[in-house]
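Please keep the sequence and the model in view while reading.

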Amino acid sequence: MKSYSQLNGWPQRALFSGKFTSGLALSGLLLAGSLSGCSPLKLLKPGQRLLSRVKVEGTQNADAERLQALVQQKPNSTFPLPKVAIYQLGRSFYNQERIQRKLDEDRTKYDQLIKAAGTDSAQVGKLLTKRERHTRRHQLALDKGNSIMRLGEAPVIYDSALTAVSVTQLAISLKSKGFFRSSVSATDTVPTERFAPFRIFALQSPFHTDSQRVTVVYRIHEGPAFHYAQLDYDIADTAVARRVLASQPQSLLHVGQQYDEEVIGSERNRIEILLKNQGYFDFREQYITLEADTSFVPTTVRLRTLISKPARGEQHRLYTIRNVNFITDAGLIRFGQQRDTLVRDSVRYLAYRHRFSTKALDQKLQVRPGQPYSLTKTQQTQRQLSGLDMFRFSTVTYRRVRGAEAPADSARGFLDAVVNASPAKKFQETTEFGGTYVARQVGPFGNVRLKVRNVFGGAEVLEFGVRAGFEGQYNLTGRTQGDVGSGQLPSQLTTQLGANVNLVLPQFLVPWRANRYLSQYNPRTRFNASYTYVQRPEYTRTNVEGTFDYLWQPTPYAQIVLTPIDVSVIRTASIDTAFRNTLDRLRINQGSPLYRSFDNLFIPSFNATYLYNSNDFTQTRSAHYLRLFAELGGLTRGLYQQEPLTSYRDDLRSNRLKVYDFGKITADYRRYYKLTPSTYFVYRLAGGLATALTSTQLTTKNKDGSDAVTETLYLIPYDKSLFAGGSTSVRAWKPRRLGPGSYATTRTVKNKDGSSSIVRDYNTEQPGEVLLEGNVEYRFPIYSFIKGAVFTDFGNVWTLRNDPRPGSEFKLNSFYRQFAVGSGIGFRFDFDFLILRLDVATKVYDPSATGNKWVIQKFSLREDQSAFNLGIGYPF
């Protein structure tokens, strides 16, 4: 028997072993020695010192991280790479005189070419563009160094003036948080003690004090924190006072709270929005002043909110909307022709030709005649019109009514609102062609999408999509041709065809009249139908699905999708006999449910999704993300399906449609922390549960009725199972290949000498019923549009009930020992409109490994140990 290998049954030498390890260690020692000689101190001029460390001491109740961020100078970054060492490496290749000479030569060259081009404006324009491109590149190198220097950081030279500014900023910040008796001092003469291990070779202590490096220590004395003892109001306008005092329960300021100018600013903004939503169109935050009196009682603040009258001494004017004009073809001009006017609910709709249903637009309009002006309703109107996807832009503007038409009461006023909406193109076509390189196969693909706006005149959106492509895939079960150990898993091109049609209505489609109140939640109804065709050498499979959805947004960051009807039909049109036998062996020998995915299924269900996301597309905010999903399916199967169900093992395509009842819930939470303007810490926690609600009696037999076996099983549709592994999960494992539990899938291969070997199988999908996983990632800039990441993922899937696969069942006393762990590095190429991602991950802890489960000790780039993941966008 050959020695065991996780890849193909042949002996493999690890990447770090034997002479290679010794050579690598020696090379690393020599590299470390050379880097130690590249000290950034060599870049210092006489009298300069390198900022080595910054410390903020003495904080007890104040926010230490916030204070640290106010420090004007910070030492060079060393994580994940020593930036100053990279800068020095680039500086060794830097020749400023040569770059200046090249810049002058390019300017002279292009000036002569431009002069020779004479009056040829096209040629002059091209030459000007080339000159700008060349000179900009050279000027960038002169200003900021070559590309390697810009990848690193120039040494931070200590500046005592910036330390004085930092002291001032820290003092201001402390007082703004209620520490009125605080003080800040700084010491910049602290010598820096460093550890230099290579000094040992010179028979010197590895610890030494470096006088050319400086550590700055900011010492803070907080003193007592001041709290609110009394909150008073001084409002000259009685109408404004009545509204502000009525909103006190929503105030952000409360007696007993610590004084905080940031919260005071938020309270001023709250009052401004409160009054703007109640008709005070002209009101501004500048009218609000908050005075703090600290002489009342020691360590307390008496805070008084003053709201002044306008400069002219009158009362603040309360505005009512008189007229609303909605121009649905803004930007279109036809000389000598007037727009036609239609009136609905006192709103005038103007257009040269009315293409949009006034009923549909009226449901999105929150600004109504006769109502007080409201900032929130104005913003809601703009947001909902934008959400229709009917207009290139939409704005709401107001004009004050003056003169004889204005009311005689100086405390009141009229506004005329104008909604300008410029229509988008009725037809929008998107074509996409490209290629993939997967499983050693190059596969072209193409997508064509057509969007038709306002298809029935009621602001509906109809979309058609057709897609076709070839994609490389490893053999689904890892079966080789002849099972001869070639060292490569088999792969082939698969054909994938698909089509979908999607219709979105801008309101709820219900048998009763929807209340206008619901329109503020941007309600929509969606019909969707899709067809997918997959052809592989082993099988041909089709999937037809239709859904009916209600969508609405309770807040700008949240969306709810309720799907009362979700129906899909999965059929296996053909299946290879040898592949069918392989699936049957997996089912019998390993209990693999992969066999069930090629059954013919009818899956009726209803589900609901809640999504909250306060981030943006490029994920540049400190934000939260939460997705909750629940689904119930097959509840009515007893009305039209008799048990036991029949499954033909030798002719799967002849099976009748089966219905399984099931329940499924999943949760996905993500937290984004913005550490600096360009660095982020992100973590993700996800879990799920999918289970059969009742048992199913299933008779498995051959087409001729022989070998009949009846079992009582808890079955769920294969596509409703939970999976782990892949580019957005535990990235060191292939998609859907992790788990279940500690179970290790194996296969038998024939070696070239005719013998057989049992090897690990990392290529068979592993569905589960319980999912727990998480990710931790640190994101940082590398150079220009290139971003980097280091990450660690963990997780697994399990089964809920007894299973033929030992170690796959979820048990409270052992599941925590079955978490798989992987770590790696990633690169993101951020082109603004598109983010390309490459993640390289390796297994750290494999619960299914034989012997030592800390497989990181056998690190290599082989596909059984590491995985390369390509994708678009961030993984989470």
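A residue is called buried when its relative accessible area is under 20%. In helix α7, that description applies to Thr-163, Ser-166, Val-167, Leu-170, Ser-173, Leu-174 and Ser-176. The model discussed here is predicted.

**The chain as a whole**

- The protein chain contains 12 helices and 32 strands.
- Of its 876 residues, 43% are buried.
- When contacts between residues at least 6 apart in sequence are considered, 66% of them join residues at least 24 apart.

**Helix α7**

- Helix α7 covers residues 160-176, which makes 17 residues.
- From its first C-alpha to its last, α7 reaches 25 Å, close to the 24 Å expected at 1.5 Å a residue.
- At the start of α7, a side-chain oxygen of Asp-159 comes to within 2.9 Å of the backbone nitrogen of Ala-161.
- After α7 comes Gly-178, which has a positive phi near 95°.
- An α-helix has 3.6 residues a turn, so residues three or four places apart point the same way.
- The buried residues of α7 may be read with that rule in mind; among them are Thr-163, Ser-166 and Leu-170.

**Helix α5**

- Helix α5 runs over residues 121-144 and has 24 residues.
- Its reach from first C-alpha to last is 34 Å, close to the expected 34 Å at 1.5 Å a residue.
- Val-124, Leu-127, His-134, Thr-135, His-138, Ala-141 and Leu-142 are buried in α5.
- These buried residues pack against two helices, α4 (96-117) and α6 (147-151).
- Gly-145 follows α5 and has a positive phi, near 90°.

**The five-stranded sheet**

- Five strands make an open sheet with mixed pairing, in the order β8-β9-β7-β11-β10.
- The edge strands are β8 (340-344) and β10 (391-400), each of which pairs on one side only.
- Neighbouring strands of this sheet are turned by 25° against each other on average, direction ignored.
- Helix α11 (residues 375-387) packs on this sheet and touches β7, β10 and β11. The direction of α11 makes about 160° with that of β10.
- Strand β7 (residues 318-327) and strand β11 (residues 412-423) are paired in the parallel sense over nine bridges. Ile-327 stands opposite Asn-420 in β11.
- β7 also pairs with β9 in the parallel sense, over three bridges. Here Phe-326 stands opposite Tyr-349 in β9.
- β8 and β9, by contrast, pair in the antiparallel sense over five bridges. Val-343 stands opposite Arg-348 in β9.
- The hairpin of β8 and β9 has two residues between the strands, and Asp-345 takes a positive phi near 50° in this hairpin.
- Strand β9 (residues 347-351) is mostly covered, with four of its five residues buried.

**The three-stranded sheet**

- Three strands form an open sheet in the order β21-β24-β25, with mixed pairing.
- β21 (645-648) and β25 (709-713) stand at the edges with a single partner strand each, so one side of each has no neighbour in the sheet.
- From one strand to the next, the twist averages 30°.
- β21 and strand β24 (residues 696-701) run parallel and are joined by four bridges. Thr-646 stands opposite Thr-699 in β24.

**Two individual residues**

- Arg-541 is part of strand β17 (residues 539-555).
- A polar atom of the Arg-541 side chain lies 3.0 Å from the backbone oxygen of Ser-597.
- Leaving out residues up to four places away in sequence, Arg-541 touches several others, including Tyr-533, Ile-570, Phe-598 and Asp-719.
- Glu-471 belongs to strand β14 (residues 461-474).
- Glu-471 has a relative accessible area of 25%, and is therefore partly exposed.
- Glu-471 and Gln-492 are 21 residues apart in sequence, and their C-alpha atoms are 8.1 Å apart in space.

How values were computed
Residues are numbered from 1 along each chain as its sequence is written. This is a predicted model: local features need pLDDT of at least 70, side-chain atom pairs count only at pLDDT 80 or more; totals for chains, interfaces and linings use all residues. Side-chain values use heavy atoms; hydrogens and water are left out. The expected span of a helix is 1.5 Å times one less than its number of residues. Buried means under 20% relative accessible area, exposed over 50%, partly exposed in between (1.4 Å probe, protein chains only). A polar contact is a pair of N or O atoms within 3.5 Å; within protein, one must be able to donate a hydrogen and the other to accept it, and residues adjacent in sequence count only if both atoms are side-chain atoms. Two strands pair if DSSP finds at least two bridges between them. Axes are lines fitted to C-alpha atoms, for helices over the stretch in contact, and angles run from 0 to 180 degrees between N-to-C directions. Contact means heavy atoms within 4.5 Å.
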